[in-house]
Amino acid sequence: MMKIVGSMAAALAMVLGGAAQTPRFERVQPELFATGTSFVNAWADYDGDGDLDLFVGFDGLPNRLYRNDKGRFTDAAAAAGVADARATRAAAWGDVDSDGDADLLVGFTPETVAPTSVLRLYRNTKGVFADDTAAVGLVIATGAVRQPAWVDYDGDRDLDLFVAFRDKANALFRNDGGRFTDVAAEIGLADTRRTVGAVWFDHDEDGDLDVLTGNMDGDANGLFSQADGKFVDVADALGVAWGGRLPGDKTNGTVRPCVADVDNDGHLDLFFANYGKNGLFLSRGKGRFEDASVRWGIAHDARYDSCAFGDMDNDGFLDLYVNGTVTGGTNYPDYVYRNTGKAFENVTPAEIGSPSGDHGVQWADYDLDGDLDLALTGVQKDGMHWLLRNVLAPEGVRGGLNVRVVDEAGRATLAGGEVSLLINGTEVPVGKRLIDAGSGYNTQNDAPLHFGVPAVSKVYLRVRAKRPGRELVADSVVIDIGAWRNRVYEFRLPNVRR
């Protein structure tokens, strides 16, 4: 057993020994990934061929579903049945019917003439989608949909649906045998603040799932802690209600909250992409958080729409993309931050430039070459929806491992669970990833988790799945990273020890 001493950052650097690389990206199929007025992007392997496909939602243009065939994309939305031309503001993939493939929920802006549902659920059958909204009870006449998330909040092994609304009470649709009922009011989640982002995770490490919400227009954020199936907002008591921005300032707000193990200490930290100063709150365990925004160099006062964590250089630390928006005539810049283990360092490459009001930001290894690529959407007419391939040197690519976690029946129902990477016989995790059901403003994914382990050839994983009142814990066998290059390691979680 290896003994870990000192800070976790120092321990990780000692064990992994990876050298940081300057990030470089190149555009993929620029003639295809080009059109502006795009709000939404969301990754999933909808056709079950082993690589990730990309849904992009537009502001009145037909939505697109880019089918990935070994790294080459074509728009299959019309053939698949999801080419809606309604103004689209949200999307979320999830295996709603527990048949092993990803279904798609789309959120639209309300219609003024002959209004139809602002939610549409498409059931996936062998890569072709059918509208199942009315059949499952998800017809919602109106509402500014901002963040849907599929999550099994009650631990009954099917996916429930949380929806954040900017203009009315948030909803939690409990799944009972394929029919959905809004139970938010009775369990404490019908928050009427102007919510635009949400992420589910176990904030107090007690084994069940809680939800962090980001609110706009001067509203405080919420952190709803679950106990016995009921939720209570503890954000103010824990000092995270304002996420680093000015309290009560109506020009400030949180657009996207992100949850990630930033300092590799085995605890999940909070990041807030804000109108106002961004905020980083490091977890000290059991629901205690410390404001580290200034120390880590990200407390910049601007207007940001999204945050996205990913180990872009495979050095073992989660890096950060933060995107600026266009407001008041100003196009606020995007930033790519390298995580040094002690702070974030601005390493934004020239090819990123200053995208025009991008909203959807997602890291994903679309070409399965071992490093994380980047997808962006831009809401301006002169905007874009770019796919950027990560050009990482071979020694960095060799250290990438993609992991998909499913339950004992092979279904992706474990959102909010945690996956720790362990190496060299140590019981101390040197990297943790959250299985994230949502969290993105205008973005979401059902992509595998990615770990960067540059100087190590063999690792193993520990998965903790959250169930109310208990945790399921399982360890993988030793994984030879080289043997899983260009494919995804599937971790099937058995119903094991509590």
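This is a predicted model: local features need pLDDT of at least 70, side-chain atom pairs count only at pLDDT 80 or more; totals for chains, interfaces and linings use all residues.
**First stop: D103**

Select D103, which lies in strand β7, residues 103-108. D103 is buried, yet it has no salt bridge. To check this, display R123, the nearest side chain of opposite charge, which is 5.4 Å away. Next, show the surroundings of D103. Leaving aside residues up to four places away in sequence, D103 touches A92, W93, G94, D95, V96 and D97, and also Y122, R123 and N124.

**Second stop: the disulfide**

Select C258 and C307, whose sulfur atoms are 2.3 Å apart and form a disulfide. The structure holds 1 disulfide. This pair links distant parts of the chain, with C258 in strand β18 (residues 253-260) and C307 in strand β22 (residues 301-310), 49 residues apart. Look along the S-S bond of C258 and C307: the torsion about it is about 110°, so the disulfide is right-handed. Both C258 and C307 are buried.

Select G137, which lies in the loop between α3 (133-136) and β10 (145-151). Is G137 buried or partly exposed? G137 is partly exposed, because its relative accessible area is 24%. Finally, display R179 and F180, which G137 touches when residues up to four places away in sequence are not counted.

Methods. Residues are numbered from 1 along each chain as its sequence is written. Side-chain values use heavy atoms; hydrogens and water are left out. Helices (H or I, at least four residues) and strands (E, at least two) are DSSP runs, numbered from the N terminus. Buried means under 20% relative accessible area, exposed over 50%, partly exposed in between (1.4 Å probe, protein chains only). Contact means heavy atoms within 4.5 Å. A disulfide is a pair of cysteine sulfur atoms within 2.5 Å. Lys and Arg count as positive and Asp and Glu as negative; His and the chain ends are not counted. A salt bridge is a side-chain nitrogen of Lys or Arg within 4 Å of a carboxyl oxygen of Asp or Glu.
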